[in-house]
Amino acid sequence: MNGESAHVRRVQPDEWQLWRSLRLQALADSPEAFGSTLEHTRQRSNSYWQELIPTDGLSDRIFLVAQLGDRLAGMVRADVLSGITSLHGLASCPGASSCIAMMTDLEEGTRWGFQTSTSIC
């Protein structure tokens, strides 16, 4: 990590290709960690990816990425149901192995992203 801290930010709707690319990288790196296969995910249409990222800012689902400097370090999707936040698809990018720090930053980012007092489980 070279002393860099992870910066967490919300994925914007026009960044659907970024999210797709990260998801495909994560599936290629750790296929057993997800409920989908790389081949199935590759076959999803562009419209699927474009519609995946909420555009209204009022959704109970957000997509976050962690960055170390100018390179992507990880990704996570967060959903809120009955005031409980759950994380899905948490993955670090190859070469960004400081997962503990990244996960902490992503959890904080999730809280910030929803701007609520929901808990991380």
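The points below go through a strand and its partner, the nonpolar cores, and the aromatic pairs.

1. A word on the source to begin with: this is a predicted model. Please keep that in mind for every distance and angle that follows.

2. Have a look at strand β2, which covers residues 61-68. Seven of its eight residues are buried, so the rest of the structure largely encloses this strand.

3. What does β2 pair with? Its partner is β3 (residues 71-81), and the two run antiparallel, joined over eight bridges.

4. Next, the largest nonpolar core, which has 15 residues. Which of them touch the most other members? They are V11, W19, I53, F63 and M75. Helix α1 (16-29), helix α3 (46-52) and strand β2 each contribute at least two residues to this core. The biggest share comes from α1, which provides five.

5. Setting aside neighbours within four places in sequence, V11 contacts W19, I53, F63, L64 and V65. There is also a second, separate core, made of eight residues, and among them are V8, L64, A66 and L68.

6. How many aromatic pairs does the structure hold? There are two. One of them joins W19 and F63 edge-to-face, with 4.8 Å from centre to centre and 85° between the planes. Because W19 belongs to helix α1 and F63 to strand β2, this pair ties together parts that are 44 residues apart in sequence. Both W19 and F63 are buried.

7. The other pair is Y48 with W49. Their ring centres are 5.1 Å apart and their planes meet at 85°, so this pair is edge-to-face. Are these two residues buried or exposed? W49 is buried, with a relative accessible area of 2%. Y48 has 30% relative accessibility and therefore counts as partly exposed.

8. One last thing to check around Y48: the charged end of R44 sits over the Y48 ring, 4.2 Å from the ring centre.

Technical notes:
Residues numbered from 1 in each chain as written. Predicted model: local features only at pLDDT ≥ 70, side-chain atom pairs only at ≥ 80, totals over all residues. Heavy atoms only, no water. Buried < 20%, exposed > 50% of the residue type's maximum accessible area, 1.4 Å probe, protein only. Helix = DSSP H or I, 4+ residues; strand = E, 2+ residues; numbered from the N terminus. Pairing = 2+ DSSP bridges. Core = buried A, V, L, I, M, F, W, Y, C linked by side-chain atoms within 4.5 Å. Contact = heavy atoms within 4.5 Å. Phe/Tyr/Trp six-rings, centres within 6.5 Å; stacked < 30°, edge-to-face > 60°. Lys NZ or Arg CZ within 6 Å of the ring centre and 35° of its normal.
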